[in-house]
Amino acid sequence: MAHDHDHENTHRQDHGTTPRHAHDHTHMDFADMIPMLEQEAELFSPLYAEAAAWLRERRPDPGLIVDAGSGPGVISCLLADAFPAARVVAVDEVEPLLERARARAGRLGVGDRFGTVRADLADGLGDVEYPADLLWASRSLHHVGDQGAALAGFARALAPGGTLALLEGGLPPRYLPRDLGIGRPGLQSRIDAVHDEWFYRMRAGLPGAVTEAEDWPALLTSAGLRHTETRTFLVDLPAPLSDEARGFVVTALTRLRDSLTGGLDPDDVATLGRLLDPEDKASVHHRTDVFVLTAHTVHVAVKPE
């Protein structure tokens, strides 16, 4: 899994999708998504650093941090930096993602206290050495069919008094003004509606899929944890964007176009085509009004001692 992402455009984004079949765009090949996952997580690093600082105030000295659904390890390494005394274990089911995580940890000088475990979150966290003091799960849980069962597994993997930080929900990203001057106004709102249907189909197609109300505090409580706090963190990159941020918008809109085209009105598909055409002056490659604005919500729960 790859949590370093979500509106699945980017919703594993999160964590965009790589379609394998003409009529099945809900399959996600996370290994193919590595560049995009890293691009988004690196751009959003200030949000994750703010969340880590907030968690550090609540759990200042964890011995073991587990990143459940780590993807290529951008956030795993950020957690290693935020908690310099902790050992960090990245757990994911996709080996190429874990390879990237190990390489990143080595480059950043935290490899001596960084490990990886290959495991499917639906089956637990695999061979983690000992219970986690802090378990981070960022937009990975919604890729498990039975989210309640996975949360129960997370709870079992926590040490008594351990903390689970679950990043799920928030607000969908916005990159463009309501009226672009091309096409019909409100493009991103219509993309959201099609994406919601896509997300429903993606969840319904997961093995052992169980329909749950997305009441994360209630689900955490049902897993035997004590929900303590919820906080939302903002990504606010106003226009004019850096080249890095503009490149991310191109990637995100390309992923949306490729995965959602079948559900969008032909006029909206045409507008997306113009927005992604480097030769078109109305494209996101040239526009001065492109921005990045989104919000991610973290729910914190504690295992009773």
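These legends go with close-up views of a predicted model. Local features need pLDDT of at least 70 and side-chain atom pairs count only at pLDDT 80 or more, while totals for chains, interfaces and linings use all residues. Residues are numbered from 1 along each chain as its sequence is written, and side-chain values use heavy atoms, leaving out hydrogens and water.

**View 1. Here's the largest nonpolar core, with 60 residues.** Such a core is a set of buried Ala, Val, Leu, Ile, Met, Phe, Trp, Tyr and Cys residues joined through side-chain atoms within 4.5 Å; buried means under 20% relative accessible area, exposed over 50%, partly exposed in between (1.4 Å probe, protein chains only). Trp-136, Val-249, Leu-253 and Val-284 have the most contacts inside it.

**View 2. Now for Leu-253 and its contacts (heavy atoms within 4.5 Å).** Skipping residues up to four places away in sequence, Leu-253 touches Tyr-175, Leu-176, Leu-272, Leu-276 and Val-284.

**View 3. Asp-133 and Arg-59 pair up in a salt bridge, 3.6 Å from N to O.** That term means a side-chain nitrogen of Lys or Arg within 4 Å of a carboxyl oxygen of Asp or Glu. Asp-133 sits in strand β4 (residues 132-138) and Arg-59 in the loop between α2 (45-58) and β1 (64-68), 74 residues apart. Both Asp-133 and Arg-59 are buried.

**View 4. Arg-274 bridges to Asp-280, with the closest N and O atoms 2.7 Å apart.** Arg-274 counts as partly exposed because its relative accessibility is 37%, whereas Asp-280, at 14%, is buried.

Key. Helix = DSSP H or I, 4+ residues; strand = E, 2+ residues; numbered from the N terminus.
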